[in-house]
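Here is a short briefing on one protein chain. It moves from the overall fold to single residues.

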Amino acid sequence: MKILLLYPQYPDSFWSFKHALKFISKKAAVPPLGLITVSALLPQSWQKKLIDMNVTLLKDEYILWADYVFISAMYIQKESVNKVINKCENLNTPMVAGGPLFTQEYKNYPQIDYFVLNEAEITLPIFMTDLSAGKAKRVYKTDMYANLDMTPIPDYHLLDMKKYAFMNVQISRGCPFSCDFCEITTLLGHKVRMKSPNQFIEELNALYKLNWRGSVSIVDDNFIGNKKEIKSAYLPKLKQWMRSHKYPFVFNIQSSINLADDKEMLALMAETGFTSTFIGIETLDEVSLNHCNKVQNENRDLLKSVQEIQKAGLQVSGGFIVGFDSDTPSIFQRQIDFIQKSGIVSAMVGLLNAPKNTLLYQRLCAENRLTKESTGNNTDSSMNFIPKMDYDELMLGYKKIIHSIYASKPYYQRVRQLFLNYKHSYNKQKEINFSLFGAFLKSVYVIGIVNKGRMEYWKLLVWTLVKRPKLFIEAITFAVYGYHFRIVYGL
């Protein structure tokens, strides 16, 4: 059997880092972890080929080669998904679809032959058995959640690793919290299910043997969803592995803000090689936090919590939302002030949307306020419901935030604020990195000479060399990120 594993293209967005990746000659930030995990669940005797359309052009010959095309996607990839479906239909190659988009919207895709939904560890083996017996059904889904002991090491060898900025791994699925705008618990449940520490180490061994060195993204929706297990079982074992392998990786995660409450854990993470975390801060308004059930953010000094994490040696990027029913016009300046004071350089500010199958979606549906489906893109200025605040006022306020935090001067001020807050504690082995040197030269030309705002770029570099010389590489990195963000937001 010949299987083409196909990952559709992302549009240009906040997290695509498309314009930043050009500086380091990479095509995509991360590979399709779900698809290469599915690949590892298929029989080893089958021929498998991966086409990630974010790094490789999809040619007709790849589709014609395959007996089946396996496609996985998220909401944001819908446009590319439609093009792929048309191509496969025209070439008469049957399609098998799974992943978040199809799990929630499979009824909208009558052209697709088979759906293997929810978690593949459960539904894929049943489909495979039926397929081999010649009696495959069209839809395979389950209300059960997989035991992650069943999850194999992803087929990292299928990747063209040099085209990616990060590799990615997964330790857990599920989230203990119930934010009403988030679909994670609908897809993966409240109970945090975890791989064993040995499984995780074996995945790192696989990456190490394939000569990957550098950034590894742990894609868990909340890395500390089971904080006790992470702290007692994972981190000590990971720290030992990292030391014995001479610190080949640096890790970034997603976590809840209560990470700030455990200084011992933060110190252990920093020593182990964790350098950044993404945190959903969403809003500073206590009423909005209460309404959306963001209990982990309530009744705390959010600014102080961010600074505690930064002081421990982890950079913080953050998600922010405007458009809650209780928002007033004052929220826009409050968001700007907080972002600037916090030194959260990568601040993803989006308009509230209601993804399908969330509590927010159900409430807005009952109130007859839904207007369309969510796009899944936080940078396209779209909303899929009628807000309580005047729509034009909301849009003006949102645009004010974006301009006030991503225009050159405030953006570079925020980088300096991070460097003042941040304790650079992780000392990875130093080596000459020609890729980074090339990125620096490109940044000098593109951002320091050609691009508007170049004076702020030079001010940052000089300030960093004088005040925080150990963070010079970070200064270049953030300058490149800023260039990407200004293009994405049209500034």
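In this predicted model, 57% of the 491 residues of the chain count as buried. The chain has 19 helices and 14 strands. Its radius of gyration is 23 Å, close to the 23 Å that the globule rule gives for 491 residues, so the chain is as compact as a globular protein of that length.

**Overall fold**

- The C-alpha trace spans about 70 × 55 × 50 Å along its principal axes.
- Contacts between residues at least 6 apart in sequence were counted, and 76% of them join residues at least 24 apart.

- Most residues other than glycine have a negative phi.
- Asn-211 has a positive phi, near 70°.
- Asn-211 sits in the loop that runs from helix H8 (197–209) to strand E10 (214–218).
- With a relative accessible area of 61%, Asn-211 is exposed, because the cut-off for exposed is over 50%.
- Ser-381 also has a positive phi. Its value is near 60°.
- Ser-381 belongs to the loop between helix H14 (359–366) and helix H15 (391–406).
- Ser-381 has a relative accessible area of 31% and is partly exposed.

**The cavity**

- The count comes to one cavity of 30 Å³ or more. The volume of the largest cavity is about 30 Å³.
- Ser-381 is one of the residues that line the largest cavity.
- By class, the lining of the largest cavity has six polar residues, two nonpolar and one charged.

- Gln-170 lies in the loop between strand E7 (167–169) and strand E8 (172–173).
- At a relative accessible area of 16%, Gln-170 counts as buried, because the cut-off is under 20%.
- The side chains of Gln-170 and Arg-173 are joined by a polar contact of 2.9 Å.
- Beyond its neighbours within four places in sequence, Gln-170 is in contact with Leu-33, Lys-195, Glu-203, Val-219 and Asp-220.
- Gln-296 is placed in the loop between helix H11 (286–291) and helix H12 (302–312).
- The relative accessible area of Gln-296 is 10%, so Gln-296 is buried.
- Residues up to four places away in sequence aside, Gln-296 touches Phe-177, Cys-179, Ser-256 and Ile-257.
- Met-161 is in the loop between strand E6 (139–140) and E7.
- Met-161 has a relative accessible area of 11% and is buried.
- Tyr-156, Met-167, Leu-207, Leu-210 and Trp-212 are touched by Met-161, not counting residues up to four places away in sequence.
- Met-161 and Gly-453 are 292 residues apart along the chain. Their C-alpha atoms are separated by 34 Å.

- Leu-302 is in helix H12.
- Relative accessibility is 7% for Leu-302, so Leu-302 counts as buried.
- Leu-302 and Ala-260 are 42 residues apart in sequence. C-alpha to C-alpha, they are 9.6 Å apart in space.
- Ile-331 lies in helix H13, which covers residues 331–342.
- Ile-331 is buried, at a relative accessible area of 3%.
- Ile-331 touches Thr-283, Asp-285 and Val-322, with residues up to four places away in sequence not counted.
- Ile-331 and Ser-45 are 286 residues apart along the chain. The separation of their C-alpha atoms is 57 Å.

Technical notes: Residues are numbered from 1 along each chain as its sequence is written. This is a predicted model: local features need pLDDT of at least 70, side-chain atom pairs count only at pLDDT 80 or more; totals for chains, interfaces and linings use all residues. Side-chain values use heavy atoms; hydrogens and water are left out. Helices (H or I, at least four residues) and strands (E, at least two) are DSSP runs, numbered from the N terminus. Buried means under 20% relative accessible area, exposed over 50%, partly exposed in between (1.4 Å probe, protein chains only). On a 1 Å grid over the protein atoms alone, a cavity is a set of points where a 1.4 Å probe fits but cannot get out, and a pocket is an open set with protein on both sides within 12 Å along at least five of seven lines; lining residues have an atom within 4 Å of a point. Grid points are joined across faces, edges and corners, and a volume is the space filled by probe spheres set on the points. Ala, Val, Leu, Ile, Met, Phe, Trp, Tyr, Cys and Pro count as nonpolar, Asp, Glu, Lys and Arg as charged, and the others, Gly among them, as polar. A polar contact is a pair of N or O atoms within 3.5 Å; within protein, one must be able to donate a hydrogen and the other to accept it, and residues adjacent in sequence count only if both atoms are side-chain atoms. Contact means heavy atoms within 4.5 Å. The radius of gyration is taken over C-alpha atoms; the globule rule is 2.2 Å times the number of residues to the power 0.38.
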